[in-house]
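Subject: Structure handover

Hello,

Here is the structure I promised to pass on. Please open it alongside this note. My findings follow below.

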Protein chains: 2
Amino acid sequence: MKSTIKDVASLAGVSVKTVSRVINNEPNVRPAMQDKVNKAVAELNFKRNPLARGLRGQNSFILTLLYSNPNPSYVLELQNGAIEQANNDGYNLQILPCDHTNENLIDNIESIITHSSQDGFLLTHPLCDNEDIIALLDKNNIPFVRISPFHQEHSSPYVLSDDKQAAYEITKYLISLGHTDIAIIKGHPDFGATHKRYEGYLEAMNEMNINVDDALVKQGQFTFESGEVCARQLLTQDHKPSAIFASNDYMAAAVLKIAAQMHINIPANLSVVGYDDAPVSRQIWPSLTTVKQPIYDIAKHAVQKLIRHIKKQEFDDVQSKFQCKLVLRNSTSPKL
Amino acid sequence: MKSTIKDVASLAGVSVKTVSRVINNEPNVRPAMQDKVNKAVAELNFKRNPLARGLRGQNSFILTLLYSNPNPSYVLELQNGAIEQANNDGYNLQILPCDHTNENLIDNIESIITHSSQDGFLLTHPLCDNEDIIALLDKNNIPFVRISPFHQEHSSPYVLSDDKQAAYEITKYLISLGHTDIAIIKGHPDFGATHKRYEGYLEAMNEMNINVDDALVKQGQFTFESGEVCARQLLTQDHKPSAIFASNDYMAAAVLKIAAQMHINIPANLSVVGYDDAPVSRQIWPSLTTVKQPIYDIAKHAVQKLIRHIKKQEFDDVQSKFQCKLVLRNSTSPKL
DNA sequence: TTGAAAGCGCTAACAC
DNA sequence: GTGTTAGCGCTTTCAA
């Protein structure tokens, strides 16, 4: 049977409180006592009952990861990093998928936070830019950490990857290959990443004094289908690009499809870059030059930040910024 | 503040036990009482504290989804279905990723089940064919439902999709297009699905009296890279196939890559089919003819089965089998 | 530095 | 049909 704190106490010949002190690393316990308790804990293979702990104390040691994101590999990497770190720190992670376009979103979330007990929230974009959600968490005094927010006014801590810088670099890379007619397919306007990536693109173009023709800027939605539409426009209009920066890999894959249908050789006659290093970027031919965000590390760090925030212990910067990595593959080549 | 059962009791002017009876739908409460309690519950927006409930009762209302699977879209669909159904039935779902190749797998799982409280496990393949895990759960008397097991001897309930039938159908489809030199790239031998899909292929070939040349049967690993290796062999050896059945979409995508490099036109000169309806099957050109498993429904059903199993209430079949759907896209065409 | 006792919110057991 | 009481395993007073 499962051992309880009482079992440990009687085996060690001390009071339950002393056991509690030892397992919680509280001060004021003599080393001799600690040894006795630790031995008993080991012998009985004792672990605290998290339910009882949560019921008694004011914290449940449950962290909630709230997301609304159609990118499975992104979400899974986020989950894995967050679970890893949470477990390391003695927390459980509750996974909470939701749909940011759902009308009842706020009500759903409210029902969850009012009637279960989580110590904190991890909010991914685009949810972390939703003012109603933020207001709700603030109202209920629930600590949260935002992952990749676009708006950064709020005083809560956040973690992000330097999307603008990465977009700048990948655009510079295309320019370094000799391209000047570089089109961009933007992402969904609700996502902060969309704007940051566009800014990085613009900065690189401006810095190199390359004029950005409006006709080379297309509004996508981050979906494969939107990528197809934009690619078809770009490759049939008067001003045709020699390189296309798609704001994610799904849309970049769509460019490859349209190019194949039009018998445009990639990368010989058209260079294409994506963003995210999604599985498809490796599963397609030519494989995509793209940008890899350190999602796993971001998630781990966000959990650490959240726990610090919950414990109000150490001082921590409000912002943590992670650098992305360019991944050079086969969809780009020097301009002929 | 959060309301408790006591608040409800005093507002309704009844005892806590009566409130407990009402919120748990127990019998022997007069309608008038029920009304009073329900009104108070609504007014206070009361919800049970799951921690207290779990601590007191012998069940925690936590179900654990244990998986070890490199396919993000599969895992996420599974999660979503399971979460949906669990929440509907008043359970929480704990997500537990693990690595089936990890040496300490059993110890890790044992540490989890010994010292936290879950009412039941959902086991996906290949974990559900791991005898050590099954023995561990049996030893601890934890109910579990297996998802897509290969070995079906164990008496615990399981849910699966009819992989053999789907593989049979997609092979028949290729045959119906006039193909006879149909190669198969098998999946990782540790996965039950690998064998079922191979069986379905063999059955279709045998039924149509088509001899299966060993040279057309390649051992893959479900990875893109293994698909590349097999495709290169198939397309360079003496006996070249006119159609290839890859046991999943990743490997099918790899076939497309190798074919592109060898300037083999798909589907005109080579038909390719995959399995799983993974995102890549839509993000690649030509898009893949493949098989869609009803993963979401399988997950929901598995949760229902698990809850019934936990409650030992209704009789339920040990096996639930779901049919897959052929998805016809652009990677297949009649043999020239 | 240590321990006894109370109680978190709920449900099971038992009384009425 | 309804209420009282005990106690799940733990941590938090507060006293020693």
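First, a cut-off you will need: a residue is buried under 20% relative accessible area, exposed over 50%, and partly exposed in between. Lys164(A) has 30% relative accessibility, so it counts as partly exposed. Please keep in mind that this is a predicted model.

Salt bridges

A search of the whole structure finds 23 salt bridges over all chains. Here are some of them.

Lys164(A) pairs with Glu203(A). Their closest N and O atoms are 3.2 Å apart. This pair links distant parts of the chain, 39 residues apart. Lys164(A) sits in helix H8 (residues 163–176) of chain A, and Glu203(A) in helix H9 (residues 192–207) of chain A. Glu203(A) is at 36% relative accessibility, so it too is partly exposed.

Now look at chain B. Lys172(B) forms a salt bridge with Glu207(B), with 2.8 Å between the closest N and O atoms. Lys172(B) lies in helix H8 (residues 163–176) of chain B, and Glu207(B) lies in helix H9 (residues 192–207) of chain B. The pair therefore ties together parts that are 35 residues apart in sequence. Lys172(B) is partly exposed, with a relative accessible area of 27%. Glu207(B) is partly exposed at 41%.

Salt bridges that share partners also build a network in chain A. Its members are Glu77(A), Asp277(A), Arg282(A), Lys292(A) and Arg329(A). Within it, the side chains of Arg282(A) and Asp277(A) meet at 3.8 Å, N to O. Is Asp277(A) buried or exposed? Asp277(A) is buried, because its relative accessible area is 11%. Arg282(A), at 38%, counts as partly exposed.

Nonpolar cores

The largest nonpolar core has 56 residues. Those with the most contacts inside it are Ile244, Leu270 and Val272, from chain A and from chain B. In each of the two chains, strand S6 (182–186), helix H10 (224–236), strand S8 (243–246) and helix H11 (249–261) each supply at least two residues of this core.

What does Leu270(B) touch, leaving out residues up to four places away in sequence? Its contacts include Leu235(B), Pro241(B), Ile244(B), Val255(B), Ala259(B) and Ile264(B). Ser331(B) is also one of them.

Over to you.

Best wishes

Methods:
Residues numbered from 1 in each chain as written. Chains lettered and ligands numbered in written order. Predicted model: local features only at pLDDT ≥ 70, side-chain atom pairs only at ≥ 80, totals over all residues. Heavy atoms only, no water. Core = buried A, V, L, I, M, F, W, Y, C linked by side-chain atoms within 4.5 Å. Buried < 20%, exposed > 50% of the residue type's maximum accessible area, 1.4 Å probe, protein only. Helix = DSSP H or I, 4+ residues; strand = E, 2+ residues; numbered from the N terminus. Contact = heavy atoms within 4.5 Å. Salt bridge = Lys/Arg side-chain N within 4 Å of Asp/Glu carboxyl O.
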